[in-house]
Amino acid sequence: MSPDSTVDGIDGRVPPAAREITTGQANRVWSVDGPTPYILKHYGDPSRAANEAAALRLLARRRAPAPQLLGASSGSSAPPWTAQAALHAKPVHLDRFLTDLAEPLAAIHRIPGTHFGRLAGARQHHSWTDYLHDRLRMYAAAAPALRAVARRLHQEVDASDNAIQPVLLHHDLQPGHLLREPTGSRLVIDWELAIFGDHRSDLARLAVRLDLDDPTPILALASRPDVTTESRLHLYWRIHLLADAALSTDRDIQERAARRLLRWR
């Protein structure tokens, strides 16, 4: 069976005995028992469902550390959904998170892409610079009070050497998304925000998710450091802070991100 074919009996509907395990702002997730136990996800945004399915198919082809996709919705399904193999794994404790993340993250960042941005369901960009400018315009439109910050970040992006070769990024790394199986192997879950881009952006996003005042400790995860790595990490960290300040639905996260940006400005 190919990794993206639909297993018999899995059609995106919630079985009566399914156990809901997460009710997020964007998704609902159930654990389903049966001959083939699986995790069923319903998405509020069809592009996120398409993106996660595309990422899991790519990861399966590269034998990378991610769940197996058992089935996914077609373009007409409502709500959009994916079914992923159930895992006998537990989240890695925070005190082991960075250490245990290094190996699987390096494997993920070795997967090349042919464009920049989301794998599916969104506009694809010819250059990393174009992608970053597009995101900054979106954040500035959503947070007019931070337009001056966005303008300065546009300038920093233009001043950077953006001859980047795209690689796969998870782009939502945080505690809870790294699991350890009983065999000791690690898996990374929740791929709906995956993009192709500069691997250092993944590290910067992680620094924001860990609520760090300074992203420098994350440099330990840089698999291919060079003279620009630290400056790029700080630039991308500020871009991700702007994303949180502009788009987060959690007021505390939004305000913390804005305060950090205003101190930098």
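This is a short walk through a predicted model, with a few stops to select in your viewer.

**Stop one: a three-stranded sheet**

Start by colouring β7, β11 and β8. They make an open sheet, and β7-β11-β8 is the order of its strands, with antiparallel pairing. Now look at the two edges: β7 (117-118) and β8 (167-169) each have a single partner strand, so one side of each is left without a neighbour in the sheet. As a reminder, strands of a sheet pair through backbone hydrogen bonds, either parallel or antiparallel.

Next, zoom in on β8 and β11 (residues 195-197). Three bridges join this antiparallel pair. Which residue of β11 is the bridge partner of leucine 169? Select isoleucine 195 and you have it.

**Stop two: two aspartates with positive phi**

Follow the chain back from β11 into the loop that connects it to β10 (186-188), and pick aspartate 190 there. Its phi is near 65°, a positive value in a residue other than glycine. That's worth a click, because most residues other than glycine have a negative phi. Is aspartate 190 buried, partly exposed or exposed? Its relative accessibility is 27%, so aspartate 190 counts as partly exposed.

Then jump to aspartate 211, in the loop between α5 (199-209) and α6 (229-247). Here, too, phi is positive, near 60°. With 34% relative accessibility, aspartate 211 also counts as partly exposed.

**Stop three: the aromatic cluster**

Now show side chains for Phe116, Trp128, Tyr131 and Tyr236, which form one aromatic cluster. The model has three aromatic pairs. Take phenylalanine 116 and tryptophan 128 to begin with: their ring centres are 6.0 Å apart and their planes sit at 45°, so this pair is tilted. The pair links distant parts of the chain, 12 residues apart: phenylalanine 116 is in the loop between α2 (94-108) and β7, while tryptophan 128 belongs to helix α3 (residues 128-142). Phenylalanine 116 counts as buried at 5% relative accessibility, and tryptophan 128 does so at 1%.

Tryptophan 128 and tyrosine 131 are both buried.

Methods
Residues numbered from 1 in each chain as written. Predicted model: local features only at pLDDT ≥ 70, side-chain atom pairs only at ≥ 80, totals over all residues. Heavy atoms only, no water. Pairing = 2+ DSSP bridges. Helix = DSSP H or I, 4+ residues; strand = E, 2+ residues; numbered from the N terminus. Buried < 20%, exposed > 50% of the residue type's maximum accessible area, 1.4 Å probe, protein only. Phe/Tyr/Trp six-rings, centres within 6.5 Å; stacked < 30°, edge-to-face > 60°.
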